[in-house]
Amino acid sequence: WLQRRDTLDYADADLAAAAHDLDTCAPRTALGRADLLDALARWRRDRPTAATRRDFSLFARGDTKAIGDADWTWLEERLDLAADGIVAHAPLLLVRASFACSTLAGRVELGALPGFIGLPPTAVAAITGIEPAPRRWRLVENRTVFDRLAAKHSADEALLWLPGYPPGWWSKAVRHLLRLAPAPAGIACDPDPDGIAIAMLAGSLWQECGLSWAPDQMDADALER
């Protein structure tokens, strides 16, 4: 372990901190977890858009079940695995909309459902057309507010839940939707420094597509409340 420790050198501060913490582990455990940190550094360079824990386990150790519960707990306590696109199950894009989605296999009427639905990235990627395009996309970070707005949805808007700092899979899915249904956006996040940063990151997706966006309910009065 002492020889292996000298080879650990990460540019990312969180990986470096986790590596430093390995001295508190038993040598055999530390060696295994050092390999996981190396795998995560490679993972970040390749940057998969979305994956489950089993995908990362296969990537790191060649087997979908090779990472035990104790190692997962250790990783989650020290690193933001969700930010790296590593989640326990396939992520879902939560959307409330009245348009119809066309795919090569048929047509799905989202407006036929009374509430929001969750679409995995593979389902979003399969959409080939949206009709009619919404007048506006509305993004909401607060999940409670999203649920409330979804219950009284406006037919000409498409409502999306913004899960904090936009993960890679979410950004890729939204870019795809914007190519099919371009429309301006209103983005509502907590009016604090993190919320402003999240809104800017989400809004950059619209800017990439040459579309406008504006903050929604993020003014000084909202901050005061």
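## Salt bridges in a predicted model

Aspartate 156 is partly exposed, with a relative accessible area of 31%. Partly exposed means between buried (under 20% relative accessible area) and exposed (over 50%), using a 1.4 Å probe and protein chains only. This is a predicted model: local features need pLDDT of at least 70, side-chain atom pairs count only at pLDDT 80 or more, and totals for chains, interfaces and linings use all residues. Residues are numbered from 1 along each chain as its sequence is written, and side-chain values use heavy atoms, leaving out hydrogens and water.

Side chains of opposite charge can pair when their charged atoms come close. A salt bridge is a side-chain nitrogen of Lys or Arg within 4 Å of a carboxyl oxygen of Asp or Glu. By this rule there are 20 salt bridges. Here are three of them.

| Pair | N to O distance |
|---|---|
| Arginine 53 and glutamate 76 | 2.5 Å |
| Arginine 135 and aspartate 156 | 2.8 Å |
| Glutamate 208 and arginine 175 | 2.9 Å |

Take the pair of glutamate 208 and arginine 175. Glutamate 208 lies in helix α9 (residues 193-208) and arginine 175 in helix α8 (residues 168-180), so the pair ties together parts that are 33 residues apart in sequence. Helices here are DSSP runs (H or I, at least four residues), as are strands (E, at least two), numbered from the N terminus. Glutamate 208 is exposed, at 51%. Arginine 175 is partly exposed, at 28%.

Now back to aspartate 156. Its partner arginine 135 is partly exposed, at 48%. Both belong to a network of salt bridges that also links Arg136, Arg138, Glu157 and Asp216.
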